[in-house]
Amino acid sequence: MTDLATHASDQAPLEGVLKDEVLRMYQEVADHPEGEFHFFHGRLAAEMFGYEREWLDQAPAGAVASFAGVGNPHLRSGLQPGETVLDLGSGAGLDSIIAGWQVGPSGRVLGIDLNPHMCAKAEAHAALAGGAMECRQGTMEDVPLPDASVDVVISNGVINLSFRKRRVIGELYRVLKPGGRMSIADIVSAKQLSLSIVNDPKLWAS
């Protein structure tokens with residue numbers, strides 16, 4: 001077995017544990033947003049990242065309370081009426097709702113989330129907000145969309161959770177139409193993380 005194959009086989013069990021922890025962590029945020037977590041969340045976080053108060057006032061309270069992003073992809077997304085948007089890791093749906101307001105009834109918002117329960121929650125929140133979004137269960141490493149099918153990809157604090165980030169970026173380029181664009185808010189480390197952090201699913205998910 002080559003070194004590369006050995007490395008991949010070593011990572012596979014940890015990747016499975018990580019996905020389980022990510023599912024558990026963000027399900028907990030959605031179900032118990034009043035709880036204490038190791039990251040900013042809810043309206044406090046959204047306001048900190050520059051979300052317009054008008055958006056937060058109009059969005060369903062559950063979508064705002066369950067917000068767990070790390071920045072604001074809407075600052076540079078430049079969404080236009082009629083565009084098709086992919087919200088990668090749509091969670092409880094706040095970013096999808098805001099995107100839906102911007103692309104209007106002639107546009108389309110597609111969410112992707114690992115957790116089918118979160119997909120249902122996001123779609124319900126979008127309906128409460130007077131719009132619609134379609135959320136599909138899937139992974140960011142294998143986006144369940146056809147080639148060249150979206151105008152814009154937005155993502156908020158999700159790509160850092162993947163073991164295979166090059167694969168994720170490749171998938172985003174695959175689903176984007178020619179001339180399409182991405183607006184991504186995420187966490188980037190300026191230095192190599194220690195193995196004690198990399199191998200700890202709770203720290204990675206948090």
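The following legends describe close-up views of a predicted protein model. Residues are numbered from 1 along each chain as its sequence is written. In this predicted model, local features need pLDDT of at least 70, side-chain atom pairs count only at pLDDT 80 or more, and totals for chains, interfaces and linings use all residues, while side-chain values use heavy atoms, with hydrogens and water left out.

**View 1. Overview of the protein.** The protein contains ten helices and five strands; helices (H or I, at least four residues) and strands (E, at least two) are DSSP runs, numbered from the N terminus. Of the 206 residues, 45% are buried. Here buried means under 20% relative accessible area, exposed means over 50%, and partly exposed lies in between (1.4 Å probe, protein chains only). The accessible surface comes to about 10,600 Å², and carbon and sulfur atoms account for 56% of this area. Accessible areas come from the Shrake-Rupley method with a 1.4 Å probe, and for residues only the protein chains shown count as cover. Among contacts between residues at least 6 apart in sequence, 70% join residues at least 24 apart, a contact being heavy atoms within 4.5 Å.

View 2. Helix H8 spans residues 165-175. Val168, Glu171, Leu172 and Val175 of H8 are buried. Seen down the axis of H8, these buried residues fall within an arc of 100 degrees, so they line one face of the helix; the arc is that of the directions from the helix axis to the C-beta atoms. An α-helix has 3.6 residues a turn, so residues three or four places apart point the same way. The cover over the buried residues of H8 includes strand E1 (84-88), strand E4 (150-156) and strand E5 (176-185). Exposed residues Arg166 and Tyr173 are carried on the face of H8 turned away from its buried side.

**View 3. A nonpolar surface patch that includes Ile169.** Ile169, Tyr173 and Ile184 make a nonpolar surface patch of about 280 Å². Patches are made of residues with over 30% relative accessible area and no salt bridge; like charges are joined within 9 Å, and nonpolar side chains (Val, Leu, Ile, Met, Phe, Trp, Tyr) within 5 Å. Ile169 is located in H8 and is partly exposed, with a relative accessible area of 31%.

**View 4. The disulfide between Cys119 and Cys135.** The structure holds one disulfide, which joins Cys119 to Cys135 with an S to S distance of 2.2 Å. A disulfide is defined as a pair of cysteine sulfur atoms within 2.5 Å. The link of Cys119 and Cys135 is left-handed, with -55 degrees about the S-S bond. Cys119 lies in helix H7 (residues 116-128) and Cys135 in strand E3 (residues 134-137), so the pair ties together parts that are 16 residues apart in sequence. Cys119 and Cys135 are both buried.

View 5. Helix H6 (residues 94-103) is mostly covered, with seven of its ten residues buried. These buried residues are Leu94, Asp95, Ser96, Ile97, Ile98, Ala99 and Val103. Gly104 follows H6 and has a positive phi, near 70 degrees. His74 lies in helix H5 (residues 74-77) and is buried, with a relative accessible area of 7%. Not counting residues up to four places away in sequence, His74 touches Tyr51, Trp55, Asp95, Ile98, Ala99, Gln102 and Ile154.

**View 6. Ala148 and its positive phi.** Ala148 is found in the loop between E3 and E4. Although Ala148 is not a glycine, its phi is positive, about 50 degrees. Most residues other than glycine have a negative phi. Ala148 counts as partly exposed at 38% relative accessibility.

**View 7. Salt bridges.** The whole structure contains ten salt bridges, each being a side-chain nitrogen of Lys or Arg within 4 Å of a carboxyl oxygen of Asp or Glu. Glu83 forms a salt bridge with Arg181, the closest N and O atoms being 2.9 Å apart. This pair links distant parts of the chain, with Glu83 in the loop between H5 and E1 and Arg181 in strand E5, 98 residues apart. Glu83 is buried, with a relative accessible area of 13%, whereas Arg181 is partly exposed at 28%. In another salt bridge, the side chains of Glu134 and Arg108 meet at 3.0 Å, N to O. Glu134 lies in strand E3 and Arg108 in strand E2 (residues 108-113), 26 residues apart.
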